[in-house]
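Colleague: Could you walk me through reading salt bridges and strands in a model like this one? I'd like the general idea, then the case at hand.

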Amino acid sequence: MTTTRPGRAGDRARGARPTAPRAVVVTLVAAVAVLLLAVCTAPAAGTTRTVPPWPAPTDLQTRADAAGLHDVWGEPLAEHVHTHLTILDGDVPVTVPANVGHSDRERFAAELHTHDTSGILHVESPERRTFTLGQFFDEWDVSLGAGHVGGLRGELTVWVDGHRYLGNPRSIALTDRRQIVLAVTGIGQAPHLPQPFDWPPQYR
């Protein structure tokens, strides 16, 4: 008996589907990458979408866990940096509360926290690693994403060190003396970059 070696004609005869064009494969790979980025930078479940003011959470350990942070009270520090955060509802400043992720009474300090209402975010960590703005908002229990900060919705304009930032604001790294501005504006309202933050002498 003579056997026939399968080839392209034989495949078509058996109803095999043609190989997907290369462009389709590339498009699918890109779509998966975008989906993974969205998942990795998505806000933690349960973050508030109400309008400000947003108080500091009292369940410090729960919020630290949600942000991937830990209580490092009293541990020696390998990293100590400060980033300033400004949030604007139109042109109206929104207060960043004191003691997000911090309590002297409970002797609790997450690696990322605030001490006062200045907008200064403190990174005090026993190990060197990158902390992000998204982690702070998860710890604060306020949602942050494209077009909104908590319950403030509209056009979100982001500046980092005075320059427009077009990426996902949750992924912004908190580095020393970095200045981040989040401005949410309504239809027809132009965002305005405020004057640079005047760092107190102890941070210079």
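Colleague: Which residue forms a salt bridge with D161?

Modeller: The general rule is a side-chain nitrogen of Lys or Arg within 4 Å of a carboxyl oxygen of Asp or Glu. Here D161 pairs with R178, with the closest N and O atoms 3.7 Å apart. D161 sits in the loop between β10 (155-160) and β11 (163-164) and R178 in strand β12 (residues 178-185), so the contact ties together parts 17 residues apart in sequence. (Helices, H or I of at least four residues, and strands, E of at least two, are DSSP runs numbered from the N terminus.)
Before we go on: this is a predicted model, where local features need pLDDT of at least 70, side-chain atom pairs count only at pLDDT 80 or more, and totals for chains, interfaces and linings use all residues. Residues are numbered from 1 along each chain as its sequence is written, and side-chain values use heavy atoms, leaving out hydrogens and water.

Colleague: Is E111 buried or exposed?

Modeller: Buried means under 20% relative accessible area, exposed over 50%, partly exposed in between (1.4 Å probe, protein chains only). E111 is at 3%, so buried. Its salt-bridge partner is R129, at 3.7 Å, N to O.

Colleague: And which residues lie on each side of β6?

Modeller: In a regular strand, side chains alternate between the two faces of the sheet. For β6, I120, H122 and E124 are on one side, with L121, V123 and S125 on the other, all buried.

Colleague: How many bridges join β1 to β6?

Modeller: Strands pair if DSSP finds at least two bridges between them. Six join β1 (residues 79-89) to β6, running antiparallel.
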